Amino acid sequence: MAHTDHAHHDDHAHHGPAPGIMRWIKTTNHKDLGTLYLVFAFTMFFIGGLMSLVIRAELFHPGLQFVRPEFFNSMTTLHALVMIFGGVMPAFTGLANWMVPMQIGCSDLALPRVNNWGFWLLPFAFCLLLSTLFMPSGGPAGGWTMYPPLVLQMGEGFPFLIFAIHLMGISSITGAINVAVTILNMRAPGMTLLKMPLFCWTWLITAYLLIATMPVLAGAVTMLLTDRYFGTSFFTASGGGDPVLFQHVFWFFGHPEVYILILPAFGIVSTIIPTFARKTLFGYDSMVYATASIAFLSFIVWAHHMFTVGMPLAGELFFMFSTMLIAVPTGVKVFNWVATMWRGSMSFETPMLFAVAFVFLFTIGGFSGLMLAMAPVDFQYHDTYFVVAHFHYVLVPGAVFSILAGVYYWIPKWTGRMYNEFWGKTHFWLSAIFINVTFFPQHFLGLAGMQRRVPDYAVQFTDFNEISTIGAFGFFLAQFIFIFNMIKCMSKKGVPATDRVWEGAHGLEWTVPSPAPYHTFEVPPYVGDDETQSLHGAAKAH
Amino acid sequence: MQKMLGWARVGALVSCLFGSGSALAYTGAKWNLPEGVTEMSHEVHHLHMFVFWICVVIGIVVFGAMFYSVFAHRKSKGAVAASFHESTLVEIIWTAIPFVILIGMAIPAAATLVKMDDTHNADINIKITGYQWKWQYEYLGEDVSYFSTLAAESNRARQLNSGIDVYTVPNYLVDVDHPLVLPVGKKIRFLITSNDVIHAWWVPAFAVKKDAIPGYINEVWTKIDEPGTFRGVCAELCGRDHGFMPIVVKALPEDEFKAWLAEQKSKGTEVASAAPVAAAPVPAAVAVAAAAPAATEVAAAAPAAAAPAAAGKSKDELLAAGEKVYKTNCIACHQAGGTGMPPTFPPLAGSKVVNGPKDAVIQQVLHGKNMMPPFPQLSNDDIAAVTSYVHSSWGNKGEIVQAGDVAAARK
Amino acid sequence: MATPAAAPTDHSHAPATGKYFVPAPSAWPFMLTAALVTCIIAGWGYLEDHSVGPIPPIVGALAAFYIIFRWVRGVCLESEGGLYNDQVGRTYRMGMAWFIFSEVMFFAAFFGALWYAREMSIPWLSGEGTKLATHMNLWPGFENTWPTNGPKALGGKFETVSAWGLPFVNTVLLLTSGVTLETAHHALKENHRKVCIFWMWVTVALGSLFLYFQATEYLHAFHTLNLTMHSGVYGSTFFMLTGFHGFHVTLGTLMLAIIAIRLMLGHFKPDSHFGFEGVAWYWHFVDVVWIGLFIFVYVA
Ligand code: HEA
Ligand code: HEA
Ligand code: CUA
Ligand SMILES: [Cu+2]
C-alpha cells in the first residue's frame, strides 16, 4: 500500500489497467469506472425489471394469484428504489464518467479516487437494501416515498433501508461534485462554457441539483431513524410534529430528483438529434437557459405531490401555478428539437430512433404531468394509475430510452466496434411498441378509478391490466436483444468503428481513435471550430 | 382452468374494450374520469376534458411538425440540411404562446379550487377516521357512529389462492358491510383523520379525495345531486391491506335519510360511541408494527362468517371459531404465536391482562387502547370466541367467555 | 495539497498547458466503503435488538478513520512531492466548496423542520389557520407556545437551556476561534510558521472547549431540565440541530489538529496550502451554522 501512497510515477503511459479483479476494485480511471457504473446500472435495471414483472404478473388478473399483499408492496417499493437509485442515476453517472472528460478534452475526472469511492458505495448500498427481502419481516413496503408513520412499521430491516439511502446519497453527492468540478475546472483551452456540448451542460446543472437535494433526503431519512429509535417526534402530532412534514422534506428532494432523472436525458437527445439531422442544434443558448430555468423551478414546485394532504388554499394555488410554469422551458426544449430536425438531412440509425421516440413519448408524459399539475383535477388523479402512467412515460421512454440511445451512440467509441444495426432497430421497434402497450392503458385505468399500490382490483379493470402486463413482459424480453448486441461489441466482435463513427458527429470525442485510449487526453487538446460547430453553426463553410 | 379462462378473456379483449365489457361496478367509467354526481365533480370533469383537449391540440401541432420533417427531410430522400440554427423571434413566440395557454388553464382551475376549499355552512358534519384497514364514520352531534369494512364475500375471495372466482363476487373489492349513508341535496362536511397511518378517503363520483392524517383533521365538503350508491377506495398506501379498505356511500333522499338516522339512533348504536377515536395517536416512534408476515390467507373466515349461536357453546367450538377470528383480526399485531412485537405490540402469551379478569380482554377488544383499534363491529359470538381463544392459548390459564358475557360488557 | 511555489521538482508542470495530473489506482476508497458497511451492520444490530455491543461499530469507525487518514496522507505526500499543479489546487478548492454547499443543505433540512414545527404544525394543532377542527376534536386545550413538547406533553415537563449561559459562552468561543484561525492563516501567508502553529493550537483548544461545554450542557439538560430527545418536537429539533452541529465541530477540531501537526512537520507553503484553507472554510461554515443555531434554537 505504501507504494500507492506515493502514487504516480511520472510515466502516464504505464497507467494501463492492472490485471484481474483488483483492476476494477482499485481503478481510478474514468473509463473503467464508467463501465462499472453502466454494468451495475444494467444489472439493477434487470433486477428492477424482474420486480416490475412480479407486480405485473400479480395484476394480470383480479384476485391474489402469486404473492401476499405485503410482498407485493415491497416489490413496488424496491422496484422504484432500484430503478431510480440503482438504474437510471448510476447509468447517467456512468455516461458522464465516459463522456464528460472526452467531451471537454481532459484526461480523467477531477477527483478520480473519490470517483472510485462513489461507485463502490453503490453495490454495498444495494446489497444492504435488497438483503432486507430475506429478513423474516420482509423488505420495505411503504412505497419509495417512505411516508411515516407507515414506513416506521417496517420490520427489523428498517435501519438497512435508511443507511442504504445514506450510502446512495453519499455516492450521488461525490459523483456530482466530481462532475461539476471536472466541468468547471478541467475544460481544454478554448472550450468556453457556452461552447460545451449540451450533455455537459445538462449534467452540470444536474450535479447542482444533486448536491443541493441529496443531503435533504439524507436529513429526511435521518429524522425517520431518530423518530423510530431515539424517541424524537418530528412526524408525530402528539409531540407537536406532523407526518406531513416528512412529505415536504421528501418532495423538496423528490421533485428536483425527477429532473435529475431527465436533464441528462435532455443532454443526450440534444447531442444525438443534430448528429443525425446533420444540422446544427437549434437555439443552443436557449437550451442552456431553459435547462437552468427548469432546475430553478424544480425547487419551488414540490408540493404538487401533496395536493391532497390538506394544505392551505394559498399553498395549493402557489404550487399549482409554479408547476404549470415548468411547461414553458420544457416546451422550449421540445420545440428546439423539432426545429433542429426541421429541414435537416435525417437518417435513422438506432440512436436517432430512440431520440425521436424520446421527444414524442416524453412529451406525452409531460402533457399528463401538466394535467396532474391542475390541483382540483389532481384530486381525482392523485394516487391512481394515471400518475403511474405519467411517470413511466417520462421515466421509461424518457430517461431509459435516452440511456439506450446514448449507449448505442457512443459504444462504437468505447469498444471500437459497431453494434449490429439490424438488431438495434429491432430492439427499438419492439421497445417502442411494448412500452406503449404497457403504459398507455394505465391512463385509462387511473381515470376510471384504479388506485396505485394495490395487488388486486375491482374486476372492471381486468382488460387494461391484461394488456399492460403483456406489454411489460414483451418490453422486458426485448431488452435481451440490447444486452446481446452490447456484449458483442464489448467482446470485440463486429465491424470495427471509424474514429468519427457518425457522419454528422461533432465534438472532441470523435477526434480520438475508436476505441478511445485509456487516458483520452494526456495533454489538453486544441478545441477547433469543427468540434463546436454542431452547437453554434459553422464558423467556416462546410 | 383459471389460466384458460384468462386466455379466453384475452381473446375476447377487443370486444370487451369496445363493447360493454365487464360490469363497470365501481365508478361506472371505463376510459375516462366519471362525470360524477356533484357540481364539483362536473367542474372537475370539464377542467379535465379542457386540459386534455389543449394537450391534444398542442400535440397535433408539435408532433405534426416533427413527423412531417421525419418523413420529408430525410437524407435518403435527398434532403440537404439547412443551416439556420437560431431565431430570437421564433423563440420568443414559442415561449409566449404556451405561457398564455397556461394562464388560460390556471384561471378556471384556481376558481374551482377556491370553491372546493369552502367548507363553511355545512348542513351535516361527518367525521371519518381511517384505521388499518377500515373506516369509522361518526355523525357528529347525532350520536351515531359505526365502522365500515370490506364486505365478507370479497374478503373471502381476495385471499391468496382462495379458490373463489372473483367474477362471481358482486362488487368485488368495492363493497362494504356498512356503507356510509348520506342525504342528497345537503352540504355535507367531512372531517377526515386517521388513527394509525395515513389513508385517503376517495369517492370519484364526488371528486372528493383527502388524506387522513393521524393527529390532524382535514376538511372537505360535498353536495350530492342524486340518490344512488357510490363507491370509492382508500387512496393512500397504508400497509398490507391498503387495497382492501373500500368506501361505499349510499345517498338517500332527505326524508329516507332522516328515517334511517332515527332508526340508527333508536338502535342505540352502541357500536361506536365508546370508541376512543379522539385517542391520541401514539408517537410514531413506537409504532413499530410489522408488515405482518403471517398468514391471513389461511383464515378466509370473515367475522360475519362465524355461525350464530344461542347461549353456551362448547369450549372446542369457541376455540375453533376464536382461532379464525384471531387470524383475521389480531394476528397482524399480536402474531401467530401470541408473541406480539414488543415494545409496541405486547405479547398475549403470559400477558397480565389476558390472565386477569376476563372482562378486561373483552373491554380491550371492544374499545381498543392506544395503538390497538377497537373492534366493536365484531359480533358478540366472535368476541367471545376470540377472547376464549387468547385466554386458553400459548400457556394462558384458560378462561372461557360466552357471547352473553360480551353482551353484558357492551352495556 | 497544493502546488509548491517555485517547485524545484521535475514533476511540476506549467499550469493548464502541461500534462494533467492522474493518480494511480488505489484500494482505499473500496476499503472505506467496507469499513462503513461494517459500522452500518453493527449499528443495525444495536438499533434493532441490542444484540451487538458498542465494540463492532467502534472498530468499524476506527477502521474508517484509519483508512481516511492513510488516504489523506497519500494525498498530502503527493502534494508535498510537488505532483500537483494549479489546476489540481483549484479542483480541491472547488470540490470543498461544493461539499460545504451540500452540508448547508443537510442542515437546511433540519432548520426547515424547526421552522415547520414553529410556523405550521404547532399553530395548526392549536387551532390556527385552517385546522380549527383538528384542535377542537383532537387536541382541545393545546396552546401555541414555544418551546413545547406537543399536545400530549411527550417526555413530561421540561425546561429549556437558557441562551445567555453556556450557549452564549460557546458563541463567543466559536467566534473567537474564527478570529484565531484567520490570524493563523495570516501568519502562514507571511511565513511566520511558529506564530501560525501557536494560533492553530489556540483554535483547536477553543473548539475543544466548545465541545466540553456542549457536553456539560447536554448533561445538564438531561439530568436537571428533563430536556431529552423524547421532549416532543422541541427536544427533537433541539438535539438534532445541536447534536449534528456538535458532530461537525468534533470533525472540524480533529481536522484543525491534523493541520496543526502538519504545520509542525513543515507542510504547506505561504502561497499554497489548500489543506489549510479547506479546513478553514469548513470551520467558518461550522461557525456560521452555530450563529444560526444560537439565534433560532436558543434565542428566538
Ligand atoms: C423524469 C421524471 C419526471 C418528469 C420530467 C416529470 C415532469 C413533470 N411532472 Fe411528474 N412525476 C414523476 C416524474 C417526472 N415528472 C414521478 C416519478 C412522479 C410520481 C412520484 C410518486 O408519487 O411516486 C410524478 C408525479 C407528478 C405529480 C404528482 C401527481 C400526484 O401524485 O397526484 C405532478 C403534479 O403536478 C407532476 C407534474 C409534472 C409536470 C408538470 C412535469 C413537467 O416537467 C412536464 C413538462 C413537459 C411538457 C408540458 C411537455 C412539453 C411541453 C410543450 C410541448 C410545450 C407546450 C405545452 C403546454 C403549454 C401544455 N408529476
Ligand atoms: C426509472 C424508474 C422506473 C422504471 C425504468 C420503471 C419501469 C417499469 N415499471 Fe415502474 N415504477 C417506478 C419507476 C420506474 N419503473 C416508480 C418510481 C414507481 C412508484 C413506486 C411506488 O409506488 O412507490 C413505479 C411503480 C410501478 C408500478 C405500480 C405499482 C403499484 O402501484 O403497485 C408498475 C405497475 O405496472 C410498474 C411497472 C413497471 C414496468 C412494467 C416497467 C418496465 O418498463 C420495466 C422494464 C424495464 C427494464 C427491464 C429496464 C430497461 C432494461 C435495460 C436498459 C436493459 C437491461 C435489462 C435486461 C437485460 C432485462 N412500476
Ligand atoms: Cu387505507 Cu390505504
Ligand atoms: Cu414533481
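Please keep in mind that the model is predicted.

I start with chain A as a whole. It has 18 helices and 0 strands. How does its radius of gyration fit with a compact globule? For 542 residues, such a globule would have a radius near 24 Å, and chain A has 23 Å, so the two agree. Along the principal axes, the C-alpha atoms of chain A fill a box of roughly 65 × 60 × 45 Å.

Next, the inside and the surface. Of the 542 residues in chain A, 78% count as buried. If we take contacts between residues at least 6 apart in sequence, 82% of them join residues at least 24 apart. The accessible surface of chain A is about 13500 Å², and carbon and sulfur atoms account for 73% of that.

Now the metals. Which residues are the protein donors of the copper ion, ligand 4? They are A:His255 through ND1, A:His304 through NE2 and A:His305 through NE2, at 1.8 to 2.1 Å from the ion. Along the chain, these donors follow the spacing H-x48-H-H. Is A:His304 buried or exposed? Its relative accessibility is 12%, and the cut-off for buried is under 20%, so A:His304 counts as buried.

The other metal is the iron atom of ligand 1. Its only protein donor is A:His390, through NE2, at 2.2 Å. You will find A:His390 in helix 15 of chain A, which covers residues 385-415. The iron atom of ligand 1 and the copper ion are 4.5 Å apart.

Last, the backbone details. The peptide bond from B:Gln132 to B:Trp133 is cis, with omega near 0°. B:Trp133 sits in the loop between strand 1 and strand 2 of chain B. Another cis peptide bond joins C:Trp146 and C:Pro147, with omega about 5°. C:Pro147 is in the loop between helix 4 and helix 5 of chain C.

C:Ala153 is in the loop between helix 4 and helix 5 as well. This residue is not a glycine, yet has a positive phi of about 45°. Its relative accessible area is 37%, so C:Ala153 is partly exposed. In chain A, A:Arg278 has a positive phi of about 50°, and again is not a glycine. A:Arg278 lies in the loop between helix 9 and helix 10, and with 22% relative accessibility counts as partly exposed.

How values were computed: Residues are numbered from 1 along each chain as its sequence is written. Chains are lettered from A and ligands numbered from 1 in the order in which they are written. This is a predicted model: local features need pLDDT of at least 70, side-chain atom pairs count only at pLDDT 80 or more; totals for chains, interfaces and linings use all residues. Side-chain values use heavy atoms; hydrogens and water are left out. Helices (H or I, at least four residues) and strands (E, at least two) are DSSP runs, numbered from the N terminus. The radius of gyration is taken over C-alpha atoms; the globule rule is 2.2 Å times the number of residues to the power 0.38. Buried means under 20% relative accessible area, exposed over 50%, partly exposed in between (1.4 Å probe, protein chains only). Contact means heavy atoms within 4.5 Å. Accessible areas come from the Shrake-Rupley method with a 1.4 Å probe; for residues, only the protein chains shown count as cover. Donors are N, O and S atoms within 2.8 Å of the metal (3.2 Å for Na, K and Ca); water is not among the atoms, so sites may look incomplete.
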